[in-house]
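Morning, everyone. Please take a look at the structure on the screen, and I'll walk you through it.

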Amino acid sequence: MEEKQAQEEGLEEICTLLASTDDAQLIKEFFGCLFTPSELQDMIKRWLLVKEIDKGTTQREIARMFSMSLCKITRGSKELKKEGSAFRIMLDKATLL
């Protein structure tokens with residue numbers, strides 16, 4: 001199996017497992033095993049920046065809040081604006097929690 005195909009299958013498997021798990025603590029522990037502390041913090045900051053963009057916080061304010069580059073923030077903003085954005089769908093789900 002070629003590497004790219006194996007990676008895609010691995011991603012599909014992880015997504016399916018997460019979608020089938022309703023135990024937030026287990027998912028948190030799984031992420032702690034899967035990611036380094038730095039990788040986990042980066043993922044968390046990316047989610048928080050999308051939430052701030054959605055609130056209307058300026059990109060410069062977000063950059064200061066999370067010590068992030070404007071490039072990462074701009075990417076998040078562009079993804080949020082796309083039609084059918086997964087960010088938008090997940091933000092909407094988050095408001096229902």
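A helix here is a DSSP run of H or I, at least four residues long, and helices are numbered from the N terminus. Keep that in mind. One such run is helix H1, covering residues 3–20, and glutamate 9 lies in it. One caution: this is a predicted model.

Now the whole chain. How many helices and strands does the chain have? Six helices, zero strands. Read along the sequence, that gives the pattern α-α-α-α-α-α.

Next, dimensions. Along its principal axes, the C-alpha trace spans about 40 × 35 × 30 Å. The chain has 97 residues, and buried ones make up 18% of them. What about contacts? Take those between residues at least 6 apart in sequence. Of these, 30% join residues at least 24 apart.

The chain exposes about 7,700 Å². Carbon and sulfur atoms supply 57% of that area.

Then charge. The chain carries 15 positive and 17 negative charges.

Is glutamate 9 buried, partly exposed or exposed? Its relative accessibility is 39%. Buried means under 20%, and exposed means over 50%. The value falls in between, so glutamate 9 counts as partly exposed.

Which residues gather with Glu9 in a patch of negative charge? Glu8, Glu12 and Glu13. That patch sits on the surface.

Notes:
Residues are numbered from 1 along each chain as its sequence is written. This is a predicted model: local features need pLDDT of at least 70, side-chain atom pairs count only at pLDDT 80 or more; totals for chains, interfaces and linings use all residues. Side-chain values use heavy atoms; hydrogens and water are left out. Patches are made of residues with over 30% relative accessible area and no salt bridge: like charges are joined within 9 Å, nonpolar side chains (Val, Leu, Ile, Met, Phe, Trp, Tyr) within 5 Å. Accessible areas come from the Shrake-Rupley method with a 1.4 Å probe; for residues, only the protein chains shown count as cover. A salt bridge is a side-chain nitrogen of Lys or Arg within 4 Å of a carboxyl oxygen of Asp or Glu. Lys and Arg count as positive and Asp and Glu as negative; His and the chain ends are not counted. The place of a charge is taken as NZ of Lys, CZ of Arg, CG of Asp or CD of Glu. Helices (H or I, at least four residues) and strands (E, at least two) are DSSP runs, numbered from the N terminus. Buried means under 20% relative accessible area, exposed over 50%, partly exposed in between (1.4 Å probe, protein chains only). Contact means heavy atoms within 4.5 Å.
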